[in-house]
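The sequence and structure come first.

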Amino acid sequence: MLLANNGFVNDARSAASGKGMPGVRVIGTPIACESTVAEDIRAGIDGALDEIIAALIDPLTEEEESPEKFVETPSRIAFKGTLGEVNEFYYRKGWGDGLPILPPSEEAVAEMLTGTDLPADHVVAKLIPRMGKATVEKIAVNAVMAGALPTHMPLLIAVVDALSDPKTRFDTFEVSTGSWAPLVVVNGPVRNDIRINCSSGMMSPGDIANAAIGRAVGLIVKNIGGARKGIEDMGTLGDAMKYSLVIGENEENSPWEPLHVDFGYGKEDSTVTVMFPNRYTQTIPAQTTPEGIASTLAGMGPGALSCMIVIPDHARIFSQEGWSKKQVKEFIMENSGRRDSRRAGRLQDEDFMLVVAGGPGVWMGLLGSAGGFGNSFVTRKIELPQSWDVLKKKYGTMVPDYVRY
Amino acid sequence: MRRFFPVSAVTGIAVMAIFSWSGCSPSGDAAETRYEVLSPWAEVDPIPLRGISARVDTLEGKKIGLFANFKRAAVPIAREVEKKLKERFPDSEISLYHSTAPNVDESVEPDAAKFEAWAKELDAVIAMVGD
């Protein structure tokens, strides 16, 4: 039997079912999560002891002994109705994210599928915790719901593939109390093809690629992976970054080789790099000298794993004074007081990445995750369909036309 | 571009949807169009189901395993459970297994043999996850 905090009973039952043992007996206690208070633990166990003993000695029910095979055969067509009815139905089914969705009709999904040469039934990965089959069609359905464009499909397929890499430790971060959000850093020519914002306000709402790709990832995690808030995704506080956290590197305004080249890809390749931060902080340097900027970056407390965002102006200052990206990283490693709580030793090169991004200004950013889980940054090459040039022309011209006032 | 709405239209849809949900559907074609929509919920391959182990009739004289994961409360909770069980069943034997690495499956390498050897000796197991 399993003993868990009352709030984790559903999570424990889902996990047991996912392993093929739905009958595992789970007893809830009011003991605070990760409690360090002896009296809290004593009182909690006192209150649960009779149930614990009963769970170990009460004879099995028929269902516990031989659970019935439950074979879920979800219908491909989920519903028929008006826009409002579709939204209400999906919301009530728990398939949304709280915002209205676009209806994933057969026609809209077919159009989304023009964004890839892979067949609709191709399984890109099985996503945990439910081991849901991420077929190309299911990815497309969720992409339509999120308001994504067919030109976003190649990125979504690459992200799903990256998430299935054990090195991401998606199994931990996706459902953790820490509310970690999937960060997608886009590199290569595809950024411009689909107009990923790499400059001013790239993390703010307003750009369809940054917004819809991240939103689609969130829906995929929920509807394909089966990580539902408060049931399997046990994020204590939650995280607004789970709505969307997609950025591009501002390669054109960086004096350094881009991130994906650091990771061994060609400059002309397009890639996504994935990690799971749960904190985002911004600050300004005391001095805009290379030492001043680097000291402030080090002082932001990067731990393993971190994504440090250096704005193009600061990268230019570094470069003009002869600082390579490697030298900046070495300075940060040498001067960062931060140590990873789960691992001894100073910050290592592989613990953090530098991304040149953002617009004019003086701010720098840190997206912080956690290390020590055997996790690392995971990069995947984006495979574009043969019709990419046609798709680019069709969808790549859509930009907001802001009126001057 | 026909079937994908610009951002301004998405905002419009949001407004319409909210009106619709509150029983104030706007009039017009957009609100009346009916959609046959596909399910976003993924299929899964069926997995073989297993029943849980038969229960013991008493804990007296039995060897009870306490599995504590890496979280800091897991071992203190296990120790408290041990204390209480020993008070109630003085002839029981308690064996603690502490999984120190974060979120690993002890039944797979590299500790599988150690874990299996521990589990084989037990009559009953209580798992503590610290949450």
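## Strand pairing and the A–B interface

In this predicted model, strand β1 (residues 2-5) of chain A and strand β4 (residues 124-128) of chain B run parallel and are joined by 2 bridges. Strands pair if DSSP finds at least two bridges between them; strands are DSSP runs of at least two E residues and helices runs of at least four H or I residues, numbered from the N terminus. A:L2 has B:A127 as its bridge partner in β4(B).

Residues are numbered from 1 along each chain as its sequence is written, and chains are lettered from A and ligands numbered from 1 in the order in which they are written. Local features need pLDDT of at least 70, side-chain atom pairs count only at pLDDT 80 or more, totals for chains, interfaces and linings use all residues, and side-chain values use heavy atoms, with hydrogens and water left out.

| Item | Value |
|---|---|
| Residues in contact (heavy atoms within 4.5 Å) | 100 of chain A, 63 of chain B |
| Buried area (accessible area, 1.4 Å probe, lost on being put together, summed over both) | about 7200 Å² |
| Salt bridges (Lys or Arg side-chain nitrogen within 4 Å of an Asp or Glu carboxyl oxygen) | 8 salt bridges |

Carbon and sulfur atoms give 65% of the buried area. In chain A, A:E34, A:L56 and A:L83 lose the most area to chain B, together 10% of what that side buries. A:E34 also forms a salt bridge with B:R72, with the closest N and O atoms 4.0 Å apart. Helix α2 (residues 38-57) of chain A supplies the largest share of the side that touches chain B, 11 residues.

Definitions and conventions:
Buried area is the accessible area (1.4 Å probe) that two parts lose on being put together, summed over both.
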